[in-house]
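Please keep the sequence and the model in view while reading.

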Amino acid sequence: MVADSKAFFEAVENRRSYYSLTKESPLSNDQLKELVEKAVKFAPTSFNGQQSRAVLVTGKKHEEVWDAVLKAYIGTLGGDKQQEAFWTDKINTQYKAGYGTVLFFEDQDVINAFSGKMPFLSQHFPIWSENSAGILQYIVWTALEAEGYGASLQHFGGFVPQVQTELTNLLDISAQWKSTAILPFGKPAGPPGQPGKPAKEFEPLEKRTKFFFD
């Protein structure tokens, strides 16, 4: 490994999904705020649109976020009590149990404005927006790991419109902020991965990479 990138790739390698979290926090809230601000400021966006948004919540507001997610999601289960019990336990013990949450959004007003200015690229701006969203999420997730946190990336707001509505109202944000991911985090209480699931395996790199050195 090239020496100058060794620490970076150690953080990349150690970033995993943690579902067993505690309400302990290695950093102060001010330090967490600085971490999120730096990630948002320097995460790249197409045409420097800077449409990516992040909301950091801890304490009572963190718990309110997951109560809102649970309420909205249960409303989609058609009264299935077994599923309601499953998701209530999962959300309360794996996500709400953490110290805080970072919620990610993409501002559709910005994206639509670029589409209007460059209609010949309009179909691409939503795709590039998702690229930017993923980069920001990865920066925050990996930075939190490097500071001693565990986290997992959830997408309730993306596939449950009711969750998007609940979050818009709870966080008092623009309805044009499209939810892209929700990252609950806290100090890990156990190893990464879903409890009871086998260890993570990797596909051979020969199937996933190709190199030319002419």
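The lining of the largest cavity consists of five nonpolar residues, four polar ones and no charged ones; here Ala, Val, Leu, Ile, Met, Phe, Trp, Tyr, Cys and Pro count as nonpolar, Asp, Glu, Lys and Arg as charged, and the others, Gly among them, as polar. The model is predicted, so local features need pLDDT of at least 70 and side-chain atom pairs count only at pLDDT 80 or more, while totals for chains, interfaces and linings use all residues. Residues are numbered from 1 along each chain as its sequence is written, and side-chain values use heavy atoms, with hydrogens and water left out.

## Empty space

Rolling a probe the size of a water molecule over the atoms shows where empty space is left. On a 1 Å grid over the protein atoms alone, a cavity is a set of points where a 1.4 Å probe fits but cannot get out, whereas a pocket is an open set with protein on both sides within 12 Å along at least five of seven lines; lining residues have an atom within 4 Å of a point. Grid points are joined across faces, edges and corners, and a volume is the space filled by probe spheres set on the points.

Helix H5 (108–117) and H6 each contribute at least two of the lining residues; helices (H or I, at least four residues) and strands (E, at least two) are DSSP runs, numbered from the N terminus.

The largest pocket has a volume of about 280 Å³. Ten residues line this pocket, and Phe9, Val12, Glu13, Arg15 and Phe202 lie nearest its centre. Helix H1 (residues 6–14) gives the largest share of the lining, four residues. By class, the pocket lining has five nonpolar, no polar and five charged residues.

## Salt bridges

Side chains of opposite charge can pair when their charged atoms come close. With a salt bridge taken as a side-chain nitrogen of Lys or Arg within 4 Å of a carboxyl oxygen of Asp or Glu, the count is eleven.

Relative accessible area sorts residues into buried (under 20%), exposed (over 50%) and partly exposed (in between), using a 1.4 Å probe and protein chains only. Lys23 is partly exposed because its value is 44%, and Glu63 is likewise partly exposed, at 30%.

Lys71 is exposed at 58%, whereas Glu166 is partly exposed at 26%.

## A buried residue

Is Gln137 buried or exposed? Gln137, in helix H6 (residues 125–146), is buried because its relative accessible area is 7%. Leaving aside residues up to four places away in sequence, Gln137 touches Phe104, Leu153, Thr180 and Ala181, where contact means heavy atoms within 4.5 Å.
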